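Good morning, and thank you for coming.

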Amino acid sequence: MTTSRPRRGRPPASSREALTEIAFELLLRDGYEATTLQAIMIAGGVGRSTLFRYFGSKAGIVWSEFDRAVERLRSALHDADDAPVMAAVRSAVVRSTRLSEAAAPTSWLDRFRVLDRDAALVAETAAHWRVWAEVVSGYVEERTGLDASAPVPAAIGGAVQAAYVAVLRQWAAAGAAAVNIDELDNALCPVTDAFQAVLDGMPRP
């Protein structure tokens with residue numbers, strides 16, 4: 001009489017977060033186009049119904065956490081106190097980054113590496129970062145009355161986003177062990193201080 005043996009290797013992913021980490025390990029190693037849903041299901045030890053219940057598609061795996069990061073930024077800006085506009089922006093970026101890191105402490109930077117390096121995702125990545133920047137520009141509009149699409153608010157959104165990505169790229173190049181989110185405030189300070197001076201010198205509508 002034969003008895004079934006327990007399956008060896010990685011145990012089945014028990015949560016959305018665990019399956020996301022497994023998926024990004026494959027995406028980082030093999031690239032977006034070469035990583036199939038079947039490969040993710042096998043590596044995660046889950047069936048199609050579980051994967052589609054969590055994500056709906058491979059694109060859903062890639063972008064769901066980015067979209068949550070944007071919402072964390074939006075929420076942090078909404079909760080900002082009466083600090084000067086750009087100090088509030090800087091604080092919200094730091095706070096939302098800390099929350100994103102806490103949500104996936106072992107893989108959040110790998111997720112950025114996938115989005116930043118994979119040629120198949122370049123166009124979509126740019127579009128998602130544009131939404132991130134527009135959240136900042138929208139906050140500047142709320143605080144100053146300047147239209148979010150006007151040159152200064154739009155430039156603020158783009159500059160803060162570019163500076164933020166530059167910091168993430170430094171961290172990604174140095175390795176996760178070098179990441180210190182407490183230093184993000186200092187890294188963004190020259191950009192936000194410069195734009196605060198611009199805002200202070202502008203007439204309000």
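Let me begin with the contacts, where contact means heavy atoms within 4.5 Å. Among contacts in the protein between residues at least 6 apart in sequence, 73% join residues at least 24 apart.

A word on the source. This is a predicted model, in which local features need pLDDT of at least 70 and side-chain atom pairs count only at pLDDT 80 or more, while totals for chains, interfaces and linings use all residues. Residues are numbered from 1 along each chain as its sequence is written, and side-chain values use heavy atoms, with hydrogens and water left out.

The term pLDDT stands for the predictor's confidence in each residue, from 0 to 100. The protein has an average pLDDT of 89, and 92% of the residues score at least 70. Over residues 1-10, however, the pLDDT is below 50, and this stretch has five contacts in the model beyond near neighbours in sequence.

Next, the overall architecture. Helices (H or I, at least four residues) and strands (E, at least two) are DSSP runs, numbered from the N terminus. The protein has nine helices and zero strands. Its C-alpha atoms fill a box of roughly 85 × 30 × 30 Å, taken along the principal axes. Of the 205 residues in the protein, 43% are buried; here buried means under 20% relative accessible area, exposed means over 50%, and partly exposed lies in between, with a 1.4 Å probe and protein chains only.

I turn now to helix packing. Two packed helices are described by the angle between their axes and the distance between the axes. The axes are lines fitted to C-alpha atoms, for helices over the stretch in contact, and angles run from 0 to 180 degrees between N-to-C directions. Angles under 35 degrees count as roughly parallel, over 145 as roughly antiparallel, 65 to 115 as roughly perpendicular and the rest as oblique. A crossing is left-handed if the near helix is turned anticlockwise from the far one by less than a right angle, and right-handed if clockwise. For residue classes, Ala, Val, Leu, Ile, Met, Phe, Trp, Tyr, Cys and Pro count as nonpolar, Asp, Glu, Lys and Arg as charged, and the others, Gly among them, as polar.

Helix H1 (residues 16-30) packs against helix H6 (residues 108-117) at an angle of about 45°, with the axes 10 Å apart. H1 is therefore oblique to H6. Their crossing is left-handed. On the H1 side, the residues in contact include Phe 24, Leu 27 and Leu 28, and on the H6 side they include Arg 111, Arg 113 and Val 114. By class, the residues of this contact between H1 and H6 are four nonpolar, one polar and five charged.

Let us continue with H7 and H8. Helix H7 (residues 122-144) and helix H8 (residues 151-174) have axes 8 Å apart and pack at an angle of about 130°. H7 is therefore oblique to H8. The crossing of H7 and H8 is right-handed. Among the residues making the contact are Trp 129, Trp 132 and Ser 137 of H7, together with Gly 157, Gly 158 and Tyr 164 of H8. The contact of H7 with H8 comprises 12 nonpolar, four polar and no charged residues.

Not counting residues up to four places away in sequence, Ser 137 touches Ala 148, Pro 153, Ala 154 and Gly 157. Ser 137 and Asp 147 lie 10 residues apart in sequence and 8.5 Å apart in space, C-alpha to C-alpha.

There remains the pair H5 and H9. The axes of H5 and H9 cross at roughly 155° and come within 8 Å. H5 is therefore roughly antiparallel to H9. The crossing of H5 and H9 is right-handed. Residues of H5 including Val 93, Val 94 and Thr 97 meet residues of H9 including Leu 184, Leu 188 and Phe 195. The contact of H5 with H9 has 10 nonpolar, three polar and three charged residues.

Arg 95 is partly exposed, with a relative accessible area of 41%. Arg 95 touches Ala 76 and Asp 79, not counting residues up to four places away in sequence. Arg 95 and Leu 188 are 93 residues apart in sequence and 13 Å apart in space, C-alpha to C-alpha.
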